[in-house]
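Let's take a walk through the side-chain contacts of this model together. Keep the structure open beside you as you read.

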Amino acid sequence: MAEIPTDILQRKIAIRKQLLEMDAPRLFRQFIPFMNPAYDRQWYHTLIADRCQDLLEGRIRNLMVFVPPQHGKSEIVSRCFPAYAFGRFPNLKIVGCSYSATLAQQFSRGIQRIMDSQEYSRIFPNTRLNGSNVRTLTRGYLRNVDLFEIVNHKGFYKTQGVCGGLTGTAVDIAIIDDPVKDAIEAYSPTYRERVWDWYTSVLLTRLHNNSRQLFIMTRWHEDDLAGRILQREPENWTVITIPAIRESLDDGNDMDPRQVGEALWPSKHSLERLLAAQTRSPRVFSALYQQHPTADGGNIVKREWFKHISLADFERMHNGEPIIFFIDTAYTDKTTNDPSGIIATCKIGNDLYITHAQKVYKNFPDFIRFIPPYVKAHGYTSRSTIRIEPKANGISVIDQIKDVTALNVTRTPTPTDSKETRLNAASPCVECGRVVLVDGAWNDEFIEEICGFPVKPHDEFVDDLCYAVSYHLTSPFKPIDRDRLARIVH
């Protein structure tokens, strides 16, 4: 194929730029490549841009866009869109929020760089910023990373970290870009509640009849801010969900040119790389990359993740390794209240074996009398320990057992994180096959509680499992001996 002469190529580039310049003021999808000719625009970038324009021009009121990490969502929504919106409507009052004020300020700097450019001035000559970076409002227009105003207009852009204040700020467009920083925040019920309280008591109170909301985020949890809003008012939102790997041709994305199984942006995130991430943690991949924050078949932990071994096979490979007991205490004689949960565990090689689990409803004296025969019936030896959390009744149980028996009882460290956070931290060990259940009648009750958390009424086994994983498996992603596992699993 003959090479295109340089002069012809340059003319084509110049014509393309002229066409972009003509279209950029009226079409957001053209504004992006006009401002950044090197931008590698994909089909879904155009889709997002068009829906943003629909929001700006009032055809839709509220928009959520769910896109995998590092796929260009913030460049469109948090940097280019506010600049374009001010070019079209310089009296707009826009607030940009993110999980931290620092990130929101970075977006503000990006917007200002766009609006300072010569290209921007050519297509939007009536929209400009103060030429100096002033820290306090004087005779000019304010401009810093937290707040900048549009010269000769009433519009402004204000940054704020999620959970920060917005007192006195009326908002025409509220942009929220990733309200959650990481898994620890996403899995924390306390943090999720803080974000929800901020949204309902701070952000929503700054909106008016014609205000618009624009969320751009990666899903982390089914009860994250987007999930909670959609559970309550799905009819009020336009939602774009774009998975990293296409799962179905009937997913509602008619513009998606991909076949099932193809990657979203293969030149930047190859299918091989995505599949490797999926193999490492299907549950995390399902949330962050596929925008399904709860994997099918379970909540935090899935039933099929647990491996099984017969009692005979376990006894053949046991080889005298000590049995360690974990007890979550709640002594009571009323079956309507919380029971105490006990599990017997053993570490062999790199794996945790749970040999027995039981719930008991007993008052304090009966519970103390129950423990010695139970642990001895399930493998207690001189190398065993009984580990109990020193919460209010746990301290009494520990002290009493030490007084009346010779059993080796010790305190587990008091957890500082919620059960949900700790089970999420422990779940990769289950997912990669390192938690093996010895067959027994107790299996179903144990699995139902773990896989049903947090909606099941009891969670004693959840506590016990988290303690056991933390104690036995300090390296949750250590390679698995697949050959050995295949020999024992059925």
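Start in helix 4 (residues 73–88), where glutamate 75 and arginine 79 sit four residues apart, about one turn of the helix. Helices here are DSSP runs of H or I with at least four residues, strands are runs of E with at least two, and both are numbered from the N terminus. The side chains of glutamate 75 and arginine 79 meet in a salt bridge, with 3.5 Å from N to O. Glutamate 75 is partly exposed at a relative accessible area of 25%, and arginine 79 is partly exposed at 22%. Buried means under 20% relative accessible area, exposed means over 50%, and partly exposed is in between, using a 1.4 Å probe and protein chains only.

Before going further, a word on the ground rules. This is a predicted model, so local features need pLDDT of at least 70 and side-chain atom pairs count only at pLDDT 80 or more, while totals for chains, interfaces and linings use all residues. Residues are numbered from 1 along each chain as its sequence is written, and side-chain values use heavy atoms, with hydrogens and water left out.

Now turn to arginine 143, which forms a salt bridge with aspartate 116, the closest N and O atoms being 2.4 Å apart. Arginine 143 lies in the loop between helix 6 (118–123) and strand 3 (147–149), and aspartate 116 belongs to helix 5 (residues 101–116), so this pair ties together parts that are 27 residues apart in sequence. Arginine 143 counts as buried at 9% relative accessibility, whereas aspartate 116 is partly exposed at 45%.

Helix 12 (residues 311–318) holds another pair, arginine 316 and aspartate 313, three residues apart and separated by about one helical turn. Their side chains meet in a salt bridge of 1.9 Å, N to O. Here arginine 316 is exposed, with a relative accessible area of 63%, and aspartate 313 is partly exposed at 23%. How many salt bridges does the rule give? The count comes to 27. Salt bridges also link Arg51, Asp54, Glu57, Arg59 and Arg88 in a network.

Let's move on to the rings. A search of the whole structure finds 25 aromatic pairs. One of them joins tryptophan 196 and tyrosine 199, a tilted pair at 5.9 Å centre to centre with 35 degrees between the planes. Rings of Phe, Tyr and Trp (its six-membered ring) pair if their centres lie within 6.5 Å; planes under 30 degrees apart count as stacked, over 60 as edge-to-face and the rest as tilted. Tryptophan 196 and tyrosine 199 are three residues apart in helix 8 (residues 189–203), about one helical turn, and both are buried. Phenylalanine 285 and tyrosine 289, by contrast, form a stacked pair, 5.0 Å centre to centre with 10 degrees between the planes. Both phenylalanine 285 and tyrosine 289 are buried. Elsewhere, Phe28, Phe31, Phe81, Tyr84, Tyr120 and Phe124 form one aromatic cluster.

A charge sits over a ring if NZ of Lys or CZ of Arg is within 6 Å of the ring centre and within 35 degrees of the ring normal. Likewise, arginine 219 lies over the face of phenylalanine 66, at 5.2 Å from the ring centre.

Key
Salt bridge = Lys/Arg side-chain N within 4 Å of Asp/Glu carboxyl O.
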